[in-house]
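Visitor: Hi! I have a structure open and would like to talk it through. Can we start with how the chains touch?
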Amino acid sequence: MADAAPPAAPLEWGSSARFWRTILLYLGRNKSLAVGVVLLLGLASLVIGGYLFYDVKLAEPLSKMPARPPSADAWLGTDKHGRDLFAVLIVGTALTCKVGLLAGLIGVAVGTVLGFVGGFFRGWIDAAINLLTDVFLAVPPLLILVVIAANLGTSLSTTDMVFVIAALAWREPARRIRSQVLVMREAGYVNNARLNGTSSFGIIFKEMMPNLIPYLMVSFVLTVAAAVLAAVGLEALGLGPQNEPTLGMTVYWAMHYSASLLGMWWWVLTPVITLVVLFVGLYLITTGLDELANPRLRAKGA
Amino acid sequence: MHAVVSRGLTVKDLSIVFETDDGVVEAVRGISFDVQPGERLGFVGESGSGKTTTALSLMGMIDPPGRVVSGSAMLGDLDLLTLSPREHAARRLVDIAYIPQGAMNSLNPVMRVGEQVEDGMIDHGADLNKAARKARVAELLRQVDLDPSVARLFPHELSGGMKQRVAIAIAIALNPKLLIADEPTSALDVISQRQVMQTLRRVQDEMGASLILIGHDMGLMAQFADRIMVLRRGLLVEAGPVRQIFRAPQDAYTRELIDSVPALERRPATAPPVVREASKAAEPPVIALEGVSKTYKRGLFDRKGNQALKPLTFSMASGTPMIVSVVGQSGSGKSTLGSLLLGFIRPSEGRVLAQGRDMHGLSAAERRERYRTVQAVFQDPYAAYNPFYKVDHGLAEPLRNFGVATRRDDILAKMRSACELVGLDPDQTIHRFAHQLSGGQRQRLMVGRAMMLGPKLLVADEPVSMVDASLRSSILGNLRKMKDDLGVAIIYITHDLATAYEVSDYVLVLYRGRVVEAGDPERVIKEPQHPYTRLLVASIPWPDPDRHWHGDDAAEAELAALDGAGAPAPCLVRSTLPGFTLKV
């Protein structure tokens with residue numbers, strides 16, 4: 001017990017101006033969060049800029065001369081189908097992020113509801129949810145995804161992909177949120193809220209949820225990263241949407257036509273480097289948010 | 001075996017600062033003292049007084065942003081403040097050992113007790129073979145009044161008192177010249193506290209080491225220390241032999257600390273409970289328990305379970321304000337009783353009736369509504385406020401939910417009066433975050449919140465156990481005020497018999513989930529009859545150095561005999577209280 005050490009002040013959510021100032025100051029100290037945000041913002045502005053100022057129709061097959069290296073005409077070259085790889089980069093990143101974000105959103109939403117219902121109300125409903133989560137956590141996810149994706153066949157769209165991935169994305173958030181709720185429901189202020197005549201609904205949304213925002217953010221980013229990984233994994237196996245140039249499908253086609261053996265390095269590197277930037281950005285943001293959510297790391301100024 | 005130490009510890013002009021974002025905090029300011037071999041020095045002060053920081057500096061455990069600015073600490077011819085971290089590590093246990101607060105958390109849960117005691121010896125190169133080490137461990141365990149077979153157990157198999165003894169055994173393994181015990185018994189109940197402190201005293205006498213005891217409990221200090229140093233905000237307020245400090249305190253702060261310990265001699269006069277409003281006497285009781293018990297089961301296959309509370313029946317009549325204390329050690333079922341009274345948990349058997357209505361036969365809306373008349377103050381003022389909101393949130397919510405005040409001005413006015421009721425400045429309290437208030441301010445505001453809502457029943461679960469001593473009497477005074485002025489019936493749950501004596505009209509002594517003795521505090525606490533109550537009372541450290549802390553061996557033996565006997569002994573009802581009915 002260090003008598004004199006001042007307690008680490010929690011973040012204050014006062015006025016919105018103060019909020020943003022706090023955020024900016026915080027980003028200055030939390031380097032990994034800042035770098036992660038910059039990487040993803042860079043990728044996002046490339047995609048948005050591309051949609052605004054570049055002809056993304058060139059991502060369709062037979063748009064340009066096939067199998068050409070980078071040139072003034074096609075900045076990142078073209079693949080064997082005659083797709084412009086710069087357009088593919090723009091469209092593919094957007095599609096892959098769409099799958100990741102939507103599946104992540106559904107996963108976190110479903111997981112949060114399950115975690116709250118189980119952790120807050122306990123009893124048989126908690127036991128049932130827990131059992132379900134355990135079963136799904138125990139089975140290798142790729143196995144389930146392959147079975148689902150293979151059964152849906154080749155007519156899969158990216159929207160179908162969202163639901164395929166989301167079917168498993170809820171497990172981790174459900175487990176994580178439940179454990180937080182279990183701790184929090186014993187907190188003095190939750191007991192006081194009961195004494196205040198606040199309903200269960202009010203306790204969940206007004207008392208517990210605000211304190212879980214950092215956890216929900218971490219959970220969301222982690223789930224998005226996992227969803228992108230799952231999507232790219234399925235697509236690289238050829239189980240993705242055949243008619244849409246997602247990053248994973250681009251990797252699949254590059255492998256399918258032995259791009260590296262043919263010396264078409266631009267075909268391989270374009271999706272791979274984009275994916276690396278995406279994953280490193282997501283990873284740095286999760287580590288950064290982890291520090292935000294975990295006061296012990298924050299107090300050390302790690 | 002009996003280490004002969006030439007000189008004790010001499011500390012001169014010790015200053016420690018913490019460099020924080022908000023500037024430099026002077027935690028310790030030019031403190032000088034010495035401890036002779038065989039002597040027991042007590043460091044007393046509230047949180048933030050610098051007592052722990054001083055001790056940590058002797059151990060070389062001040063980490064940035066903390067820094068020792070000046071001073072020397074000579075142990076023999078060794079200056080503890082100039083040692084490198086590596087040298088400090090080498091001196092620990094050999095010359096100077098630290099017995100931490102809450103040994104339960106400092107033992108490794110996956111190592112056997114014996115291995116942990118051996119570890120220190122091995123680390124410091126004690127030249128012993130395996131058999132000799134084992135023999136030494138057995139000897140050490142016997143020294144701290146534990147059976148040598150304890151060496152084979154894991155920490156979770158031991159009670160809190162046993163774990164604290166193990167921590168003492170580790171500390172004395174290499175015969176250090178100086179022992180520092182930092183609130184070594186703060187997590188223990190009074191009975192174990194006395195036993196552990198007796199052990200510590202005997203062991204230290206045998207070794208002839210110097211001992212520094214850090215604490216805030218003046219009673220414990222009076223019973224244990226030879227000399228006392230009173231610290232406040234890093235400054236030495238007063239130092240002297242224990243009798244001088246207690247008999248003739250020079251400083252007002254010292255006197256305040258001594259006076260803040262409730263003693264059986266000083267029982268403030270309170271209005272005896274009378275039937276205030278005869279018209280209300282016919283109403284159903286404020287709270288009634290009908291054969292209520294609670295059994296906790298572990299897992300699906302635990303058929304028997306652990307009965308935390310044995311069937312209990314009592315009722316408190318309407319219109320008769322009273323304070324009924326429920327006292328007992330941890331594990332006696334007193335907190336379970338509190339949760340049952342508030343309807344937080346369901347009784348395994350029986351019914352809890354608030355104003356004649358079963359707390360569990362209600363609709364969700366009715367269940368919320370019952371808190372209009374049943375309120376509580378909990379132990380931990382730090383957890384009581386949602387860190388996301390300003391303190392206003394916790395005060396305004398019930399006003400809105402119960403329809404007491406709906407307009408902003410009305411709510412604000414109510415909140416301001418709640419602050420004033422408990423002596424807080426509303427301008428310094430409202431619109432602040434809880435972390436901007438001290439623990440004492442937070443707890444007083446919680447009491448203010450309860451007063452503002454004007455319930456019929458208040459469950460106060462250890463409301464002062466985490467509050468600095470100087471604020472205890474003011475909070476207890478507020479409870480009395482609630483009873484006398486607002487006519488609230490209060491159930492005061494505590495492990496502290498002295499405060500129970502101070503505030504209550506009636507006392508229930510809970511032992512292993514059963515009420516073993518009940519009656520007015522004059523009888524139950526001053527002249528206890530049940531062996532458990534006798535043991536509890538005899539274990540209280542009184543703030544009087546001349547009052548021998550003898551304990552009660554006869555009571556201990558009787559209690560053991562009672563536990564051994566199959567049938568529980570009947571509850572001793574010493575007196576009755578108008579309006580309070582206890583069925584045994």
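Guide: Happy to. Contact here means heavy atoms within 4.5 Å. Keep in mind that this is a predicted model.

Visitor: Good to know. How many residues of chain B are in contact with chain A?
Guide: On the chain B side there are 37, and they touch 22 residues of chain A.

Visitor: And how much area do chain B and chain A bury between them?
Guide: About 2700 Å², with 58% of it on carbon and sulfur atoms.

Visitor: What's the salt bridge count between the two chains?
Guide: The count between chain B and chain A is 1 salt bridge. The side chains that meet there are B:E397 and A:K206, at 3.4 Å from N to O.

Visitor: Switching topic: how many helices and strands are in chain A?
Guide: Chain A has 12 helices and 0 strands. Its C-alpha atoms fill a box of roughly 70 × 45 × 30 Å along the principal axes.

Visitor: I'm looking at α3 and α7 of chain A. At what angle do their axes cross?
Guide: Roughly 35°, and the axes of α3 (residues 85-121) and α7 (residues 171-184) of chain A come within 7 Å. The crossing of α3(A) past α7(A) is right-handed.

Visitor: Which residues make the contact?
Guide: From α3(A), they include A:G107, A:G111, A:G115 and A:G119, along with A:F116 and A:F120. Among those from α7(A) are A:P173, A:A174, A:I177 and A:R178. By class, the residues of this contact divide into 9 nonpolar, 5 polar and 1 charged.

Visitor: What about α2(A) and α3(A), left-handed or right-handed?
Guide: That crossing is left-handed. The axes of α2 (residues 31-53) of chain A and α3(A) come within 9 Å and cross at roughly 115°.

Visitor: Which residues meet there?
Guide: A:L43, A:L46, A:V47, A:G50 and A:Y51 in α2(A) meet residues of α3(A), including A:F86, A:L89 and A:I90. This contact of α2(A) with α3(A) has 9 nonpolar, 2 polar and no charged residues.

Methods. Residues numbered from 1 in each chain as written. Chains lettered and ligands numbered in written order. Predicted model: local features only at pLDDT ≥ 70, side-chain atom pairs only at ≥ 80, totals over all residues. Heavy atoms only, no water. Buried area = accessible area lost by both parts, 1.4 Å probe. Salt bridge = Lys/Arg side-chain N within 4 Å of Asp/Glu carboxyl O. Axes fitted to C-alpha atoms, helices over the stretch in contact; angles between N-to-C directions. Helix = DSSP H or I, 4+ residues; strand = E, 2+ residues; numbered from the N terminus. Left-handed = near helix turned anticlockwise from the far one by under 90°. Nonpolar A, V, L, I, M, F, W, Y, C, P; charged D, E, K, R; others polar.
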